Amino acid sequence: MNEALELLANPWIHGFVFGAVIVTALMSVTAYITWFERKFAARLHSRMGPTMVGPKGLLQPIADGLKMIQKEDIVPRDADRLLFNAAPAITLFFALAVAAVIPFSPGLLASNLDIGVLYALAVSGLMGFPVWVGAWASNNKYALFGGMRAVAQAISYEIPMVLSALVPVVLAGSLSIGQIVEYQIEHGWFAFWPPGPGIFAFVLFMLTALAEGNRIPFDIPEAESELVAGPTTEYTGIKFGLFASAEYIHSLLASALGAALFLGGWDGPFGIPVFWMLLKTCMLFVGVTWIRWTLLRFRSDQLMALCWVYLVPGALGLLLITGLYVHVRG
Amino acid sequence: MAVAETPPAAPVTPAAQATPIAPVTQVAASTGPLVPSGPPRDGPIPPIRAARTPRTDCKPTKAFVPEPHLDLSTYEADADLMTLSLGPQHPSTHGVFRVVLYLDGEQIVKAVPYPGYLHRGVEKLCEKLMASNITPIIDKNDYVAPMTNEQAVNMAFESLMGVEVPVRARYLRTVLAETQRVASHLLWLGTFGMDLGGALGGGTSLFMWCFRERELILDLFENLTGCRFHYNTHTVGGNRHDVPAGWPEMLHRTLGAIDERLDQYLGMLEHPIFSARTKGVGVIDADLALELGLTGPLLRASGVDHDLRRDAPYHAYAEVDLKVFVEDAGDCWARSKVRIEEMRESIRISRILVDNLPPGPICSTKPLKMVGQHKLPPGQVYVGIETPRGELGTWLIGGGANKGSSPYRLKIRSPSLHACAVIPYVLPGCSLSDAIAILGSLDPVMGEVDR
């Protein structure tokens, strides 16, 4: 046992083991999140949702996965074959890479980076680009439109997202997510304490996370009714599945990041810490899902106007107020 | 009985004023010669007997030449623009419809619609069939509102053959037409939500709710006719199915439930995202609407107060005080508003008329059993009725095949085709997202456009 623990102290082995655990857990959670979302949407629609595969349709995600693997893998004749095949994997890689710095409990995190916040935002911001690469490589006009919108949206919404995530960084005086959570356990959650900038920054962060994750009302890159399937128009089978699961993982990890930065992470009144972290993440994800199945979609120019006219100045103002607060507090 | 007076603006023939529920043939007789001269195959075609009085107080179209696209001269060559073929297989063209868009970035510079992918030759097919065979075929034209399709074609046959429709059938037809209008508009609202909100989002929620309501109406029709969708319940001289026991109560229950939920849909019009996507988008002004022959909700949303149900009453519309909703803006929002308000009015009329169904026979003719039993006189007739999409006209020339039982020619004037004519004029200047919203708000049914 001790030998095993000593082995884990080696950063390479530690990273590999935790990486494997987290990636496996995330992928299976993502599969069941699709089941949850389908059931949830079905309840909103007064339908049943999946019922046929397994009890309560619980085996539906597995059936979906099998189906996607069995589908014919079509590469369009004029597509750039290398980029077309690489894009889904790279997208999923960036989506999963964010998980490395999410602290699920004091001990359960793959890497306690000093610049965790910066890393998470940078990697999730990069996710827009392999989508664009796939869209460009598939040589389809609808995909081109979708990829163009995806990049425009990723670039625009990255700014208010980073600015709103800087509010807890300034308050806690650290870029490490673990230290931000510990600061909150000591002084109170940033969403509620100090009263003022925290709650606005939290709302702003979740809003921009919706946009970064291409969720309605900001899902203009995919926009099924306009662009068929946006960047993924030409993708079939499991490659489409990789894009889809990357999107789910992105939303899920954005919820986790929101929970860690603003809702005190694993802080809870009793019980094991990881439970509270997962609970908060799930609550935020339910909120995201609820918004998705309730609202209609913005137009692309309205989306850009919302970002540059309201969100960016608002986020800058918030950061200014937070800085003043920290300065006065000393 | 609500009101038995004729609406003030309606030009009504003397025959219709004397007896408000005059049979179609009498109205027709007062406006044109009854007996045409000679079969249409030899000699000139006799003049049209209009089954309704033509409307004369429409706004005159000035020397109005609509401009179908933005200024193309600012673009040096077609190479500057990207062409995008929207359809024929696209989730938002509501069927197999193709629009070729010339795009500058996301802005549309020129739009060229190409209908015809669903052409089935219905009109030609009808030249070989008798009236009773034609009804189920015409059902499939506007497959969102089959009831009104049947009524249009059967009214044309009745008008040409001089068959009188019993009062009970006229009332029942009115109820069916209005209930069908609610079902059709519900389907439109659902698909419009899909256009605005995507298949994996809030749009689908709206779609599902609208379909939930529409199912109730289909149940109602199933109870009456045995079919959920393509009813084949109208025949020359009346209806084939009389109202079963308990049906009026079922109608009250169904429409009452829908009426309660309409408030929510009206509230949705004020939602910020919905208004942002629809207000000021796809404006059709009254001149353009009249020039292109738009009818129905599209015309009324452009500020022209025109409704055949009120202006040239058929069925039992003269018996009720019909409110016609007019919006001036002419944009997608106005069209949505007009349609949702119309649903409420249709529900009101249906509930009044079903309570006042007069007793008597439901059909004045015996079912057709053999070829030549019901001969069409060799004249011609045009009947236009107000379907959920606008004026559905049937132009019928008698004296065709099957010993004169088939029409020599049956021409359908479909409101959806005219709605599609708007596309080249309205889309330029919009973005791609707006184009989808506009296409959705036009509510075209491709089965009716292409026939």
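The paragraphs below treat the interface between the chains, then the salt bridges, and finally the cavities.

The model is a predicted one. At the interface, 28 residues of chain A are in contact with 39 residues of chain B. Putting the two chains together buries an area of about 2700 Å², and carbon and sulfur atoms account for 60% of this area. On the side of chain A, the residues that lose the most area to chain B are Phe145(A), Leu296(A) and Arg299(A); together they supply 24% of what that side buries.

Polar interactions also link the two chains. Between chain A and chain B there are 12 residue pairs in polar contact, counting pairs with both residues at pLDDT 80 or more. Three elements of chain A each give two or more residues to the side that touches chain B, namely α7 (141-172), α10 (224-227) and α13 (300-329). Of the side of chain A that touches chain B, α7(A) provides the largest share, with six residues. By residue class, that side of chain A divides into 13 nonpolar, six polar and nine charged residues.

Side chains of opposite charge can pair when their charged atoms come close. Over all chains, the structure holds 31 salt bridges, and the count between chain A and chain B is two. In one salt bridge, Arg149(A) pairs with Glu106(B), with the closest N and O atoms 2.7 Å apart. This pair crosses between chains: Arg149(A) lies in helix α7 of chain A, while Glu106(B) lies in the loop between β3 (98-104) and β4 (107-114) of chain B. Helix α7(A), which gives six residues to the side of chain A touching chain B, is thus also the helix that carries Arg149(A).

How many cavities of 30 Å³ or more does a search of the whole structure find? The search finds seven, and the largest cavity has a volume of about 50 Å³. The lining of the largest cavity is formed by Val98(A), Ser124(A), Met161(A), His250(A), Leu253(A), Ala254(A) and Leu257(A). Helix α11 (residues 237-262) of chain A contributes the largest share of this lining, four residues. The lining residues comprise five nonpolar and two polar residues, with no charged residue among them.

Note on methods: Residues are numbered from 1 along each chain as its sequence is written. Chains are lettered from A and ligands numbered from 1 in the order in which they are written. This is a predicted model: local features need pLDDT of at least 70, side-chain atom pairs count only at pLDDT 80 or more; totals for chains, interfaces and linings use all residues. Side-chain values use heavy atoms; hydrogens and water are left out. Contact means heavy atoms within 4.5 Å. Buried area is the accessible area (1.4 Å probe) that two parts lose on being put together, summed over both. A salt bridge is a side-chain nitrogen of Lys or Arg within 4 Å of a carboxyl oxygen of Asp or Glu. A polar contact is a pair of N or O atoms within 3.5 Å; within protein, one must be able to donate a hydrogen and the other to accept it, and residues adjacent in sequence count only if both atoms are side-chain atoms. Ala, Val, Leu, Ile, Met, Phe, Trp, Tyr, Cys and Pro count as nonpolar, Asp, Glu, Lys and Arg as charged, and the others, Gly among them, as polar. On a 1 Å grid over the protein atoms alone, a cavity is a set of points where a 1.4 Å probe fits but cannot get out, and a pocket is an open set with protein on both sides within 12 Å along at least five of seven lines; lining residues have an atom within 4 Å of a point. Grid points are joined across faces, edges and corners, and a volume is the space filled by probe spheres set on the points.
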